[in-house]
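I am opening my notebook for a friendly walk through a protein chain. Have a look at the model with me, and I will jot down what I look up.

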Amino acid sequence: MTEFTDALPGQTFTMVGSVKEGFETLYGIPTVALGEDDRLMALGHLPDRAVFAVLAAYHRRVWGYRILSSRELADLTRHGTKRIRITVVKGGQNDDHAWQFDDADPEDPAAQTVTLIDVELLAHEDVAVRSECPACTRASWSTSLTAGPGRAGWGRYHRCLYCHHRWPAAPAHRPDLAKHPRWMPTRPNGCFACSCLPDYPCTDGCTIEPDAVTGQLLCASCRSQHTADVWKQLVAVSYGTTTTFDGVDDQRDRWLYSEALRGIPPAQAARTWQHRLTLTSRRATPRPRTATT
Ligand SMILES: [Zn+2]
Ligand SMILES: [Zn+2]
Ligand SMILES: [Zn+2]
């Protein structure tokens, strides 16, 4: 067996054995990303579940994503995957590539089996610090950027795989408070708590008005989500204050609001948020190893 690193230019070599030149082991399978083609080449003919595992490992390592199951992913393992036989030739000194491959002649005894996998942007979540679902206490390790009730704009949300509740992620690090002392509204006419705009109301005929309790512009739909009493309780724990620090307080507002939506008193939600901030920053910081006997 010829190791390809020792092969002469133009000489056929095998990729089995000592695998180098850009290969890495994903899910135990030697895999290489092919140029700008956005394709992965894995050695051997992989069953669908191994294709999925290689893709998941690749996305996680390259982008820090966790792939979600989706129609695109099903299509990809079905139509975006080719199992072929190839002949590999080492590139010469003046070639751009260390090696290249062609479809193998059916008679070629040196042909190798590989699986080519299209790499596409798949539905994904970011890998995040662990957070427990407030509704059912099961843990989530990933978030996605999405809009939610309580603050206009997007924030990072966990989604429970079990009960499907979504909750705002606590930021892992409290940023320097002195740097960004003021929240600047990017949509001065929009609802503070949702994406409702005068020209693009969130529901037909929704109107936006200044709200005396919060001191913010709120749309009719948002205002009707809480009783007058709950709105007062939200304000009592500083919901809707205009200062924000790199999104920290946006997330707090989203938390207070969505907890109130499921009946949690704002004062209690404010305490659990504080607890979550502490827990999240502790979990985000690698703990020093302690000697054990
Ligand atoms: Zn849950
Ligand atoms: Zn609104
Ligand atoms: Zn609205």
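In which sense do S1 and S2 pair, and over how many bridges? I found that S1 and S2 pair in the antiparallel sense, over 3 bridges. For my own use: helices (H or I, at least four residues) and strands (E, at least two) are DSSP runs, numbered from the N terminus, and two strands pair if DSSP finds at least two bridges between them.

**Ground rules.** I am working with a predicted model, in which local features need pLDDT of at least 70 and side-chain atom pairs count only at pLDDT 80 or more, while totals for chains, interfaces and linings use all residues. Residues are numbered from 1 along each chain as its sequence is written, and chains are lettered from A and ligands numbered from 1 in the order in which they are written.

**Overview.** I noted 6 helices and 13 strands in the protein chain. Next I looked up burial: a residue is buried if 20 or more other C-beta atoms lie within 10 Å of its own, exposed if 12 or fewer, and partly exposed in between, with C-beta atoms placed from the backbone. Buried residues make up 26% of the 293 residues.

**The hairpin and its neighbour.** I went back to S1 (24-26) and S2 (29-34), and found Tyr27 in the loop between them. The hairpin has 2 residues between its strands. Tyr27 has a positive phi of about 55 degrees, although it is not a glycine. Is Tyr27 buried, exposed or partly exposed? Tyr27 counts as partly exposed because 17 other C-beta atoms lie within 10 Å.

I then followed the bridges. Glu24 has Thr31 in S2 as its bridge partner, and Thr31 has Ala42 in S3 as a bridge partner. S2 pairs with S3 (residues 39-43) in the antiparallel sense, over 4 bridges.

**Helix H1.** I checked H1 (residues 48-63): its 16 residues reach 22 Å from the first C-alpha to the last, close to the 22 Å expected at 1.5 Å a residue. The expected span is 1.5 Å times one less than the number of residues. Which residues of H1 are buried? My list is Val51, Phe52, Val54, Leu55 and Tyr58. They lie on the same side of H1, because they cover an arc of only 165 degrees around the axis (the arc is that of the directions from the helix axis to the C-beta atoms). On the other side of H1, Arg49 and Arg61 are exposed. Just after H1, I saw that Gly64 takes a positive phi of about 70 degrees.

**The open sheet.** I traced 5 strands in the order S4-S8-S9-S10-S11, with antiparallel pairing. The edge strands are S4 (65-67) and S11 (166-168), and each pairs on one side only. S10 (residues 151-159) and S11 are joined by 3 bridges, and Tyr157 has Pro168 in S11 as its bridge partner.

**Around H4.** I looked up Ala228, which lies in H4. Ala228 is exposed because 9 other C-beta atoms lie within 10 Å. From Ala228 to Val213 I noted 15 residues in sequence and 8.7 Å in space, C-alpha to C-alpha.

My last stop was Ser238, in the loop between H4 (228-236) and H5 (248-261). Ser238 has a positive phi of about 70 degrees although it is not a glycine. With 14 other C-beta atoms within 10 Å, Ser238 is partly exposed.
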